[in-house]
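Here is a friendly look at charged pairs and helix packing. Have the sequence and the 3D view at hand as you read.

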Amino acid sequence: MYLTKEVKAEIFTKHGGKAENTGSTEGQIALFTHRINHLTGHLKKNHKDFNTERSLVKLVGKRRSLLDYLKKKDIVKYRELIKELGIRK
C-alpha cells in the first residue's frame with residue numbers, strides 16, 4: 001500500500017502541525033495532493049482504468065474547494081502551501 005500510517009502521520013506533521021491534527025485544511029490539502037500524484041502515476045501506466053480516473057477527478061475537486069476555502073480564510077497560508085506543494089494556479 002502506498003499510503004502507510006507513517007507516511008500519513010508525516011504529511012500531517014509537516015503541514016498540519018502535529019500528527020493528530022488530521023482535520024486541518026493544510027494537512028488535508030497535502031494528503032489529497034499526495035494521493036493525486038499517486039493516482040496520476042497509476043493512470044499513466046493504466047490509461048483504461050476509468051474508475052481511478054473518476055476518483056482522481058473527484059479528489060481534484062475536493063482539493064480545489066479546500067484551496068478556495070483556505071484562500072478565503074488566510075491568503076498568506078494559501079500562497080505558502082501552493083508554493084510548497086507545487087500546485088499550479
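## About the model

This is a predicted model, in which local features need pLDDT of at least 70, side-chain atom pairs count only at pLDDT 80 or more, and totals for chains, interfaces and linings use all residues. Residues are numbered from 1 along each chain as its sequence is written, and side-chain values use heavy atoms, leaving out hydrogens and water.

## Salt bridges

You will find two salt bridges here (a side-chain nitrogen of Lys or Arg within 4 Å of a carboxyl oxygen of Asp or Glu). In one, Glu26 pairs with Lys77 at 3.7 Å, N to O. Glu26 sits in helix H2 (residues 25-45) and Lys77 in helix H4 (residues 75-85), so this pair ties together parts 51 residues apart in sequence. Helices are DSSP runs of H or I, at least four residues, numbered from the N terminus.

Glu26 is buried at 15% relative accessibility, while Lys77 is partly exposed at 41% (buried is under 20% relative accessible area, exposed over 50%, partly exposed in between, with a 1.4 Å probe and protein chains only).

Arg64 and Asp68 form a salt bridge too, with their closest N and O atoms 3.2 Å apart. They are four residues apart in helix H3 (residues 50-73), about one helical turn. Arg64 is partly exposed at 26%, and so is Asp68 at 41%.

## Where H3 meets H4

Residues in contact (heavy atoms within 4.5 Å) include Arg64 and Leu67 of H3, and Lys77 and Tyr78 of H4.

How values were computed: Helix = DSSP H or I, 4+ residues; strand = E, 2+ residues; numbered from the N terminus.
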